Structures are given as structure tokens and as C-alpha cells.
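Hello,

Here is the structure I promised to hand over. My notes on what turned up follow below it.

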Amino acid sequence: MDLNDEDLIRRVVEDGDQRAYAQLVRRYQSQLRFSLRQLCNGDQGLADDMAQEAFIKAYKALPAFRGDARFSTWLYRIAYNLVMSHKRKNAPEVDQEAVDRAQAEESVEEAHQLGMARDLNSAMGELSDAQRQAVHLCMQRGFSHEEAATIMKLPLGTVKSHVNRARAKLQSLLQPWREEVAGG
Amino acid sequence: MVIKDGVVHSAPGVAGGDEPDFDTWLSQQLQFNEPHLDDEGFCERVMADLPPVPAKRSERRATRYQYAAVVAASAIVCWQFPLEDVLAAMAAQSISLYSLVGLGMLSSMVAMTGGILAARR
């Protein structure tokens with residue numbers, strides 16, 4: 001039986017049910033790890049470490065979770081803070097070997113992907129980090145602008161501005177694909 | 001500048017006026033192209049690193065029930081206690097009976113407290 005987030009959290013907090021927390025980890029691990037890989041510039045090892053730390057930190061703080069926001073928003077905020085904090089402390093220590101390896105693997109996979117996916121990736125690469133993260137959270141993860149602002153610790157207006165600028169740039173870059181789809 | 005089939009071309013112009021439509025299309029493309037990452041032991045690693053389970057709320061609830069039971073039992077004892085007789089004995093300055101009752105009540109409380117402590121351990 002698939003319980004919703006609120007029920008699982010209640011079980012963890014009230015009954016100390018770690019199996020309920022495992023269900024939450026399984027539910028969000030793929031999305032969070034994928035998001036953090038983007039945030040960590042493709043360093044998969046670092047992204048997974050950060051995701052693991054985020055889940056553990058969230059577990060410890062779960063009794064204080066008031067449910068004002070969705071669990072996913074709260075979890076992303078913890079993870080986002082961890083990555084930003086790590087980046088500030090270890091700016092020069094990016095595992096370049098891991099990044100290169102991941103990019104090499106990606107380029108092999110890309111050879112088999114549709115042109116759309118490849119061009120979408122290229123277009124996303126044209127965005128600034130903040131624009132890319134805002135688009136990822138709002139348009140890929142489905143967070144509202146307010147939730148994205150909470151996660152990114154930015155003013156709401158700044159997030160909206162990032163999304164609007166990114167949208168305009170992507171709209172321009174991907175216009176041929178749009179026309180193709182519209183033209184059938 | 002536009003991108004098509006991996007080739008960057010100069011821009012023919014920016015389309016406008018269909019932002020909600022574009023948002024939907026872009027969201028679909030982004031989500032469609034996202035791979036699902038297999039767990040590959042990730043969940044197990046997280047669960048292995050979690051701190052020990054804190055005192056369960058159910059245990060705390062059980063402790064509260066124990067206290068409530070003691071209070072209820074004490075209330076019943078007090079209710080059933082021949083208070084009038086004791087008062088009459090006290091009025092007759094029967095000090096030995098009063099002392100005996102006090103000692104009995106004190107012993108009962110000590111026994112109940114000890115029982116609670118033993119149960120909690």
C-alpha cells in the first residue's frame with residue numbers, strides 16, 4: 001500500500017518507523033539525485049553523497065517538520081543548502097576526473113538520443129546556473145515559483161526573473177523544434 | 001541564435017505570445033528526457049547511516065498510561081477508605097491508628113512508584 005508523504009512522516013515521527021522513512025527515500029531518491037547531479041556539474045559521486053547527507057539530515061530534523069511546505073520542497077531545500085555550503089567550502093576541489101567520466105558517458109548516450117534531447121541539453125547549457133536551476137525546479141520538478149524561491153533562498157522576484165529570462169532564451173534557441181511540432 | 005540537430009544557426013526571430021503553451025511543451029520535454037536513476041543500494045546506505053530510533057511515542061504513551069493507572073488506583077483507594085472512621089479515631093485521639101494509616105498510605109505510594117520505575121526499565 002502506497003501511503004502519502006504525510007502519513008509516512010507521521011509514522012516516522014510518532015512510531016519511529018524507519019521502514020516508512022525508507023519508503024520516502026525510495027520515492028524521492030531518483031529525482032533528488034538527478035537534480036543534484038546537475039547542481040554538482042555532473043559529479044555523480046558528490047551528488048549522491050550530498051543526497052545521502054540530505055536524507056539523513058531530513059530524518060534527524062523530521063520531528064521539527066511542521067508540514068507548512070511539501071516534504072519534497074523541504075527536502076530539496078536541505079539538499080540545496082548542503083550543496084551550496086559544500087561548494088563554498090570546497091570550490092577548487094571538484095572531482096574533475098569524475099566530471100569528465102560522466103560527460104564521456106553522457107556523450108556516448110547522447111549518440112543514441114533523439115536530436116531533441118541533445119538540443120534541449122545544449123540549450124539548457126546556454127543558461128546561467130541560476131536560470132538553469134530555476135527552470136529545473138519550476139518546469140521539470142513542478143515546484144511553484146514560491147517553492148523554488150524557498151529552495152534557492154532567493155527573493156521571489158529574482159526567481160521569476162530567472163525563469164522568464166531562461167524561458168525567453170530557450171524559446172529562441174528551440175524555435176525550430178517548436179515549429180516542427182506545430183507544423184506536424 | 002537557434003539550435004537544430006546540434007547545429008547552431010543565427011536566429012530568425014523569437015516567437016512570442018504562446019508562453020503557456022511553450023511552458024507545457026518545455027516541461028514535457030524536460031521530464032520526458034529525464035532518466036530514472038536506479039536505487040543501486042542508495043536507500044540501504046541511507047538507512048544504515050540513520051541515527052538510532054529515539055524513544056517511541058507509543059512507549060511514552062504507555063508510560064503516561066502507567067501514571068494514569070496509579071493515580072486512578074490511588075483515587076479508588078482514597079474513595080474506599082473509611083475516612084469517617086479514621087476521623088472519628090483521630091477525634092478520639094487515637095494516635096496509633098492515624099500513624100498506622102499514614103504509614104500504610106506512604107508504603108503504597110512507594111510501592112507504586114517502584115513499580116513504575118521497574119516497568120520503565
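This is a predicted model: local features need pLDDT of at least 70, side-chain atom pairs count only at pLDDT 80 or more; totals for chains, interfaces and linings use all residues.

L75(A) sits in helix α4 of chain A. Setting aside neighbours within four places in sequence, L75(A) is in contact with Y28(A), L32(A), A54(A) and A58(A). Y59(A) is 16 residues away from L75(A) in sequence, and the two are 9.7 Å apart in space, C-alpha to C-alpha.

L75(A) also belongs to the core. The largest nonpolar core has 48 residues. L75(A) is among those with the most contacts inside it, along with L36(A), M50(A), A54(A), A79(A) and A148(A). In soluble globular proteins, nonpolar side chains tend to be buried together.

Which residues does M50(A) touch? Not counting residues up to four places away in sequence, M50(A) touches L36(A), C40(A), A79(A), L82(A), V83(A) and H86(A). Of these, L36(A) and A79(A) are also listed with M50(A) among the core residues with the most contacts.

Now the chains as a whole. Chain A has ten helices and zero strands. Read along the sequence, its pattern is α-α-α-α-α-α-α-α-α-α. Of its 184 residues, 35% are buried. Take the contacts in chain A between residues at least 6 apart in sequence: 62% of them join residues at least 24 apart.

Chain B has five helices and two strands. From the N terminus on, they run β-β-α-α-α-α-α. Of the 121 residues of chain B, 5% count as buried.

Next, helix packing in chain A. Two packed helices are described by the angle between their axes and the distance between the axes.

Start with α2(A) and α3(A). Their axes are 9 Å apart and the packing angle is about 140°. The crossing is right-handed. From α2(A), the contact takes in Y21(A), V25(A), Q29(A), L32(A), R33(A), L36(A) and R37(A). From α3(A), it takes in Q44(A), A47(A), D48(A), M50(A), A51(A), A54(A), F55(A) and Y59(A). By class, the residues of this contact are ten nonpolar, two polar and three charged. An α-helix has 3.6 residues a turn, so residues three or four places apart point the same way.

The loop between α2 (18-39) and α3 (44-61) of chain A holds N41(A). N41(A) has a positive phi of about 55°, although it is not a glycine. With 17 other C-beta atoms within 10 Å, N41(A) is partly exposed.

The other pair is α4(A) and α8(A). Helix α4 covers residues 71-89 of chain A, and helix α8 covers residues 145-152. Their axes come within 8 Å and cross at roughly 30°. That angle is under 35 degrees, so α4(A) is roughly parallel to α8(A). This crossing is right-handed. T73(A), Y76(A), R77(A) and Y80(A) come from α4(A). They meet E147(A), T150(A), I151(A) and M152(A) in α8(A). The residues of this contact divide into four nonpolar, two polar and two charged.

Is K153(A) buried or exposed? K153(A) counts as exposed, because it has 10 C-beta neighbours inside 10 Å. K153(A) lies in the loop between α8 and α9 of chain A. Its phi is positive, about 55°, although K153(A) is not a glycine.

Helix α7 of chain A, residues 129-140, is mostly covered. Nine of its twelve residues are buried. They are Q131(A), Q133(A), A134(A), V135(A), H136(A), L137(A), C138(A), M139(A) and Q140(A). Just after α7(A), G142(A) takes a positive phi of about 80°.

Last, K169(A). K169(A) lies in helix α9 of chain A, which spans residues 156-173. K169(A) counts as partly exposed, with 19 C-beta neighbours inside 10 Å. Leaving aside neighbours within four places in sequence, K169(A) is in contact with E126(A) and L127(A). A123(A) is 46 residues from K169(A) in sequence, yet the two are 8.1 Å apart in space, C-alpha to C-alpha.

Best wishes

Notes. Residues are numbered from 1 along each chain as its sequence is written. Chains are lettered from A and ligands numbered from 1 in the order in which they are written. Axes are lines fitted to C-alpha atoms, for helices over the stretch in contact, and angles run from 0 to 180 degrees between N-to-C directions. Helices (H or I, at least four residues) and strands (E, at least two) are DSSP runs, numbered from the N terminus. Angles under 35 degrees count as roughly parallel, over 145 as roughly antiparallel, 65 to 115 as roughly perpendicular and the rest as oblique. A crossing is left-handed if the near helix is turned anticlockwise from the far one by less than a right angle, and right-handed if clockwise. Two residues are in contact if their C-beta atoms, placed from the backbone, lie within 7 Å. Ala, Val, Leu, Ile, Met, Phe, Trp, Tyr, Cys and Pro count as nonpolar, Asp, Glu, Lys and Arg as charged, and the others, Gly among them, as polar. A nonpolar core is a set of buried Ala, Val, Leu, Ile, Met, Phe, Trp, Tyr and Cys residues joined through C-beta atoms within 7 Å. A residue is buried if 20 or more other C-beta atoms lie within 10 Å of its own, exposed if 12 or fewer, and partly exposed in between; C-beta atoms are placed from the backbone.
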